[in-house]
Each structure stands twice: as structure tokens, then as C-alpha cells.
Amino acid sequence: MDRKELEAQVLELVATSYNKDVDDLSVETKFKEDLGGASVLMVGLISEIENELDVTIQLQVAAACETIGDLCDKIEEEM
């Protein structure tokens with residue numbers, strides 16, 4: 001999977017987990033400022049990422065990501 005495919009899939013998962021329109025999201029979208037940063041939603045997102053992308057991401061690592069792009073970087077490191 002290339003970076004663009006990864007970003008597209010992560011954007012879809014974030015949109016689903018945070019109940020947002022994927023067209024309103026980008027890799028620059030910030031979890032805390034733009035999405036409200038609810039930890040319960042992040043837990044759900046990490047679960048979806050692990051199921052869909054077959055990678056393990058620690059919650060602390062994901063929660064430390066400022067943007068969706070940062071999360072993509074961490075996922076890419078685990079692939």
C-alpha cells in the first residue's frame with residue numbers, strides 16, 4: 001500500500017470513528033482542535049485501524065499524534 005492509499009483509508013476510518021464527512025478531513029486535520037480529541041473516539045479509531053490495516057498502534061502513541069498525517073506516519077512505521 002502506498003502513502004496515498006494509506007492516507008485515504010485512514011481518513012475514511014477517522015471520518016467513521018468521529019462521525020465526520022471524509023470530505024471535511026485532510027492529513028492536516030488536528031485531533032484536538034478540529035475533532036474535539038475525545039479519547040473514547042480515539043480508542044475506537046485505533047481498534048478500526050488495527051482491524052483494517054493489520055497493524056498494532058499503542059493508544060499513547062496515537063493519542064500523541066497532533067494531526068491525521070502524524071497518525072499516518074506512525075501507522076506507516078508499523079507496516
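## Terms and model

A residue is called buried when its relative accessible area is under 20%, exposed when that area is over 50%, and partly exposed in between. By this scale Glu66 is partly exposed, because its relative accessible area is 41%. The structure described here is a predicted model.

## Helix H1

Helix H1 covers residues 3-17, which is 15 residues. From its first C-alpha to its last it reaches 21 Å, close to the 21 Å expected at 1.5 Å a residue. Just after the helix, Asn19 has a positive phi of about 55°.

The buried residues of H1 are Leu6, Glu7, Val10, Leu11, Leu13, Val14, Ala15 and Ser17. They pack against three helices: H2 (31-35), H3 (39-53) and H5 (68-78).

In soluble globular proteins, nonpolar side chains tend to be buried together. In this model the largest nonpolar core has 23 residues, and the members that touch the most others are Val10, Val14, Phe31, Leu45, Ile49, Leu71 and Ile75. Two or more core residues come from each of H1, H2, H3 and H5. H1 gives the most, with six residues.

## The loop between H4 and H5

Ala64 is found in the loop between helix H4 (59-63) and H5. Ala64 counts as exposed because its relative accessibility is 65%. The C-alpha atom of Ala64 is 9.6 Å from that of Phe31, a residue 33 places away along the chain.

Thr67 is also placed in the loop between H4 and H5. With a relative accessibility of 12%, Thr67 counts as buried. The side chain of Thr67 reaches the backbone nitrogen of Asp70 at 3.0 Å. Apart from neighbours within four places in sequence, Thr67 is in contact with Val27, Glu28, Thr29, Lys30 and Phe31.

## Salt bridges

The structure holds five salt bridges. Glu7 forms one with Arg3, and the closest N and O atoms are 2.7 Å apart. The two residues are four apart in helix H1, so about one helical turn separates Glu7 from Arg3. Glu7 counts as buried at 12% relative accessibility, whereas Arg3 is partly exposed with a relative accessible area of 25%. Arg3 also forms a salt bridge with Asp73, where the closest N and O atoms are 2.8 Å apart. Because Asp73 lies in helix H5 and Arg3 in helix H1, this pair ties together parts that are 70 residues apart in sequence. Asp73 is partly exposed, with a relative accessible area of 31%. Arg3, Glu7 and Asp73 belong to a network of salt bridges that also includes Lys4 and Glu76.

Another salt bridge joins the side chains of Glu66 and Lys30, at 3.3 Å from N to O. Glu66 lies in the loop between H4 and H5 and Lys30 in the loop between H1 and H2, so the pair ties together parts that are 36 residues apart in sequence. Lys30 counts as partly exposed, at 29% relative accessibility.

Definitions and conventions:
Residues are numbered from 1 along each chain as its sequence is written. This is a predicted model: local features need pLDDT of at least 70, side-chain atom pairs count only at pLDDT 80 or more; totals for chains, interfaces and linings use all residues. Side-chain values use heavy atoms; hydrogens and water are left out. The expected span of a helix is 1.5 Å times one less than its number of residues. Buried means under 20% relative accessible area, exposed over 50%, partly exposed in between (1.4 Å probe, protein chains only). Contact means heavy atoms within 4.5 Å. A polar contact is a pair of N or O atoms within 3.5 Å; within protein, one must be able to donate a hydrogen and the other to accept it, and residues adjacent in sequence count only if both atoms are side-chain atoms. A nonpolar core is a set of buried Ala, Val, Leu, Ile, Met, Phe, Trp, Tyr and Cys residues joined through side-chain atoms within 4.5 Å. A salt bridge is a side-chain nitrogen of Lys or Arg within 4 Å of a carboxyl oxygen of Asp or Glu.
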